[in-house]
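Okay, everyone, let's get going.

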Amino acid sequence: MWNRIYALFVARNLEFVRDQSALAWSVLLPVLIIFVFAYAFTEENPEKFKVGLISGSTAGPAATIFTDTRYIRFIEFDDAARNLPKVERHQIDLLFDPASNRYWINQTSPNGYIVEKLLVAAYADSAETLQKTLVEGDEIRYVDWVIPGVIAMNIMWGALFGIGYVIVRYRKFGVLKRLSATPVTAVEFLCAQILSRLWLLLVVNIVIFIGMDLFVDFRMHGSYFNLLLVFTLGCINLICCGLVVAARISSEEVANGVLNLFSWPMMFLSGVWFSLEGAHPWMQKFALILPLTHVTDAAREVMIDGAGIIQISDHLLVLGISSVILLFIGARIFQWE
Amino acid sequence: MPVILQVSNLVKRFGSLTAVNDVSFEIQEGSCFGLLGPNGAGKTTTIEMMEGIKMPDAGEILYQGAALGQQFRIEAGIMFQNTALQEFITVREIMVQFSRFYPDTASIDELADRYALHDFLNQDTRKLSGGQKQRLLLAMALINNPRILFLDEPTTGLDPQSRRNLWKQVQQVKEQGATVLLTTHYMEEAYELCDEIAIMDHGRIIAHDAPDALLAAHFDDVVVQIHAADIPREIGEREFHAVYRNDNAHIVTGDVNRTIEQLLHLDIPLDRLRIRARDLEDLFLELTGKELRA
């Protein structure tokens with residue numbers, strides 16, 4: 001059995017490495033994206049002013065003047081303590097509790113400085129006094145924040161199309177039929193495809209990671225082992241998604257459509273490019289069923305916050321369990337022809 | 001000779017079309033069995049069910065008395081009508097890959113010698129000519145020293161020389177004791193290679209025996225063949241019930257002397273006359289009313 005898996009694994013690796021256009025594309029695309037974000041957007045933060053608002057309390061007149069300010073995006077939070085890291089990391093410019101007239105601000109945040117001026121001005125004619133609390137923390141550049149997502153997204157494209165498209169092409173041209181006439185079983189074939197794709201994706205993305213770190217010097221506060229674990233589980237999960245799509249389809253056009261149907265919502269709704277903080281609740285709920293959300297969030301938690309296994313265990317668990325389910329479904333419905 | 005493969009009451013439907021309709025036969029170990037028929041007769045569907053590629057809707061296929069399983073896959077060599085090979089890998093790499101699928105394999109260099117693969121052994125599989133690809137596919141089918149070899153129209157699209165070469169190679173496989181099952185629509189190929197043939201039409205077997213036995217059972221006459229330009233169609237059809245095909249009038253007769261006398265009497269020129277025994281092509285035409293390669 002291992003001999004057969006190894007034979008297929010080697011053949012698939014050779015095919016991938018020698019198909020230079022595909023290989024170049026899988027390396028160049030993320031590099032280009034990161035360069036664009038590193039140099040085009042880091043100077044100018046694409047977000048507007050953002051203020052966190054502790055909800056569930058009645059605001060006084062001065063607070064209402066402030067919260068009526070235009071061109072500030074107010075995001076409601078239930079709890080102050082849990083959302084303080086957002087101020088620390090410049091994800092929001094200021095956190096304000098209208099009920100107690102308390103606010104939290106990071107002194108190193110230029111946006112926070114401006115928003116604070118507006119808040120103080122709103123209270124100028126009021127008898128109420130504001131209570132200021134300073135928090136500390138480095139700014140997270142957009143590029144630091146986006147890199148985990150870009151790598152996760154690159155893994156998604158590589159996994160879905162690399163597996164889905166290849167199997168469908170094998171089926172369409174009869175390569176699968178020829179293999180089905182040998183002692184190779186469906187499970188052996190699928191294992192070889194998963195292993196080959198997993199190893200190639202990890203190597204390609206590690207190279208991209210190292211290369212980008214040299215150029216952009218992004219933030220990496222967690223353990224490399226944890227990050228590798230996140231990306232490995234993410235790869236396996238997305239490869240299994242590709243397997244399910246490719247289990248029966250024999251037309252490249254249909255496969256292309258279905259794979260795009262999977263990948264584009266993940267591109268935009270998994271929080272790769274922009275935070276889903278403040279997005280409509282149904283969108284946030286929907287994002288949780290997308291594997292890319294869990295890969296991106298877990299990678300961000302490791303890279304930006306230095307999160308350990310325990311902190312990201314919920315994401316790992318979701319990815320692990322759904323991988324097993326998807327693999328089971330993929331193997332059950334797989335057809336050679 | 002023991003039976004190696006037994007097919008009973010095989011049925012395969014595609015929607016409302018019954019492609020294979022209650023087909024049964026047995027293949028003796030070490031023999032060459034030919035499945036003949038025009039396009040769409042059900043040959044490929046039948047052979048693919050026997051290879052375990054397609055599932056029959058009804059009926060049973062037994063390999064050495066047992067249902068097709070892993071043992072069959074290990075011992076069977078298969079060459080499909082059309083096979084795409086993985087891209088970006090060389091002929092040698094694909095041979096190595098396939099040899100790893102089986103516990104007992106032939107030497108790749110030996111196969112390369114026997115099937116003249118050396119010239120393109122390190123070439124990408126996408127760059128092979130039709131004949132080269134066919135030789136590679138045959139070598140791949142033989143990589144596991146198969147006990148039973150399936151060849152689905154192995155010489156379709158090959159030039160006459162490559163075809164004869166392939167026949168020679170199949171003969172060698174037979175001499176080494178392997179059982180061969182082939183489908184073809186070349187009568188000459190079936191006559192050359194097969195010990196036993198089954199003729200299929202509309203999903204059924206309409207005749208089944210050794211080629212010579214089939215001919216003997218159906219024919220005790222010969223064919224007098226005259227170029228169609230030498231004998232006007234109305235005379236040929238009226239006087240001799242001649243069948244016109246491939247630029248020739250074919251006159252079937254049990255009494256050659258009398259037929260020639262009649263032709264002379266009608267002043268038909270005999271310069272291009274040929275007398276031949278009835279062949280499988282005639283048998284097929286007689287049984288199905290169709291040209292084999294129609």
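Before anything else, a word on contacts: I call two residues in contact if their C-beta atoms, placed from the backbone, lie within 7 Å. And keep in mind that this is a predicted model.

With that cut-off, 21 residues of chain A are in contact with 21 residues of chain B. On the chain A side, helix H1 (2–18) and helix H7 (175–180) each put in at least two residues. H1(A) gives the most, with nine residues.

Now chain A by itself.

On to the packing. The largest nonpolar core has 136 residues, and Ile155(A), Leu243(A), Ala299(A) and Ala139(B) have the most contacts inside it. Helix H6 of chain A, residues 142–173, brings the largest share, 18 residues. Apart from that core there's another one, of 14 residues, including Phe66(A) and Tyr103(A).

So what does Leu243(A) touch, not counting residues up to four places away in sequence? Ile163(A), Leu190(A), Leu326(A), Leu327(A) and Gly330(A).

Last stop, helix H9 of chain A, residues 224–246. At 1.5 Å a residue, its 23 residues should span 33 Å, and the end C-alpha atoms are 32 Å apart, which agrees. Also, 18 of the 23 residues are buried, so H9(A) is largely enclosed by the rest of the structure.

Notes:
Residues are numbered from 1 along each chain as its sequence is written. Chains are lettered from A and ligands numbered from 1 in the order in which they are written. This is a predicted model: local features need pLDDT of at least 70, side-chain atom pairs count only at pLDDT 80 or more; totals for chains, interfaces and linings use all residues. Helices (H or I, at least four residues) and strands (E, at least two) are DSSP runs, numbered from the N terminus. The expected span of a helix is 1.5 Å times one less than its number of residues. A residue is buried if 20 or more other C-beta atoms lie within 10 Å of its own, exposed if 12 or fewer, and partly exposed in between; C-beta atoms are placed from the backbone. A nonpolar core is a set of buried Ala, Val, Leu, Ile, Met, Phe, Trp, Tyr and Cys residues joined through C-beta atoms within 7 Å.
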